[in-house]
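Here are my notes on this one, written as numbered points. Have the viewer open beside you and look up each spot as we get to it.

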Amino acid sequence: MTAETDPTDPIRVPVELGERSYDVWVGPGVRHRLPEVIPREVSRVAVVTQAAVADAGITVDPGVEHRVFITDNGEHIKTLGAVEDLCREFAQWGLTRRDAVVAVGGGAVTDLGGFAAAVYHRGIRVVFVSTTLLGQIDASVGGKTGVNLPEGKNLVGAFWQPTAVLCDTEALDSLPPEEMRSGLGEMAKYHFIADANLDSLNLPERIARCVEIKAEVVAADERESGRRAVLNYGHTLAHALEAHGQYDLRHGEAVAVGLVYAAELAHRTGRIDAQRVAEHRRVVGGYDLSTSLPEGADADALVTLFQRDKKAVDGVTFMLDGPEGIQPVVGLESALLRETLEAIR
């Protein structure tokens, strides 16, 4: 990709996973390619979408018999109860194991619809039509699906790769400003996990470059046994903030604060210098995102939530920047974690 790329041309990004490989298409109107990516043997498609997407007039036609299942909006839809409800509706309609689910919407819908597809009949095909910036650069790519528990975010889920992903940049025009900011928070992460040079790209190119970076990481570590954890940069604090505030803070906004916190932690442990911390603040601030803890955030409660993070296998674990890039760091003292929280308050 170059800066001269026509922003109306769809960009294809392959995700190389052997027999589970698939393509991600990025560009305006790519949702209309859906009939091309539905496998020929599929005779029925369950379209799972959310009320805000339907209200915005964003619809899809898979080219075969289909039924639309509309969920509510927001992170709170990601529950085991919602998965059961969807699967029961699939069964009552007569969806079979050779059919497919198409999840249309943001990250919450692709997480919910993808997990339902992963467990219904022990796994049926799923295609993601991603309509939010956050979903396009993160949630829809890589095969991680899941729902939340009261004890924490994404604690129940499955790795289930989609058949295809369609990232329709045309749909971004309908996003409210706060939803766009959420996606920009996740985009900020990619400035640091690879030599992305995102500043020089237009928006479709930035999205495609983020997808490329994630695809490369996923291809090397599909089930997050090693390198893939780098994609969680900024997420330890982010997930804690989301759970602590009962998801009143959008995911990307929480990630933005988490990136600055991770940089401050890395600086306090001697891994990076003050200039690198300033670069984190520049990138996050450049996307017009907060670099500070939300008002009322309780440091003790956040440190407790750090211990429930999925990465916390050998104690609290943070992905931190350093001389060899972003790596997992364990053994950070609670006092240091609290002190650094106060530093970004």
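1. Let's start with charge. The protein carries 34 positive and 51 negative side chains, and the centres of the two sets lie 5 Å apart. In that count, Lys and Arg are positive, Asp and Glu are negative, and His and the chain ends are not counted. Each charge is placed at NZ of Lys, CZ of Arg, CG of Asp or CD of Glu.

2. A word on what you're looking at. This is a predicted model, where local features need pLDDT of at least 70 and side-chain atom pairs count only at pLDDT 80 or more, while totals for chains, interfaces and linings use all residues. Residues are numbered from 1 along each chain as its sequence is written, and side-chain values use heavy atoms, with hydrogens and water left out.

3. Now the overall build. There are 12 helices and 11 strands in the protein (DSSP runs numbered from the N terminus: H or I of at least four residues for helices, E of at least two for strands). The radius of gyration is 20 Å, close to the 20 Å that the globule rule gives for 345 residues, so the protein is as compact as a globular protein of that length. That radius is taken over C-alpha atoms, and the rule is 2.2 Å times the number of residues to the power 0.38. Along the principal axes, the C-alpha atoms fill a box of roughly 60 × 45 × 35 Å.

4. What share of the 345 residues is buried? It's 56%, where buried means under 20% relative accessible area, exposed over 50%, and partly exposed in between (1.4 Å probe, protein chains only). Of the contacts with a separation of 6 or more, 70% are between residues 24 or more positions apart; a contact means heavy atoms within 4.5 Å.

5. Take a look at strand β1 (residues 11–15). Ile11, Val13 and Val15 form its covered face, while Arg12 and Pro14 sit on the uncovered one. β1 pairs with strand β2 (residues 22–27) in the antiparallel sense over 5 bridges; for strands to pair, DSSP must find at least two bridges between them. Arginine 12 stands opposite tryptophan 25 in β2. The hairpin has 6 residues between its strands, and glycine 18 there takes a positive phi near 65 degrees.

6. Leucine 34 belongs to helix α1 (residues 34–37). Is leucine 34 buried or exposed? Its relative accessibility is 0%, so leucine 34 counts as buried. Beyond neighbours within four places in sequence, its contacts include Val60, Pro62, Val102 and Leu166.

7. Next, helix α8 (residues 235–244), where 8 of the 10 residues are buried. Among those buried are His235, Leu237, His239 and Glu242. They pack against several elements, including β8 (152–159), α6 (177–193) and α9 (251–268). Just after α8, glutamine 246 takes a positive phi of about 55 degrees.

8. Last, the loop between α4 (107–119) and β6 (125–130), which holds histidine 121 and also arginine 122. Most residues other than glycine have a negative phi. Histidine 121 has a positive phi near 50 degrees, and arginine 122 has a positive one of about 60 degrees. How covered are they? Histidine 121 is partly exposed, with a relative accessible area of 37%, whereas arginine 122, at 76%, counts as exposed.
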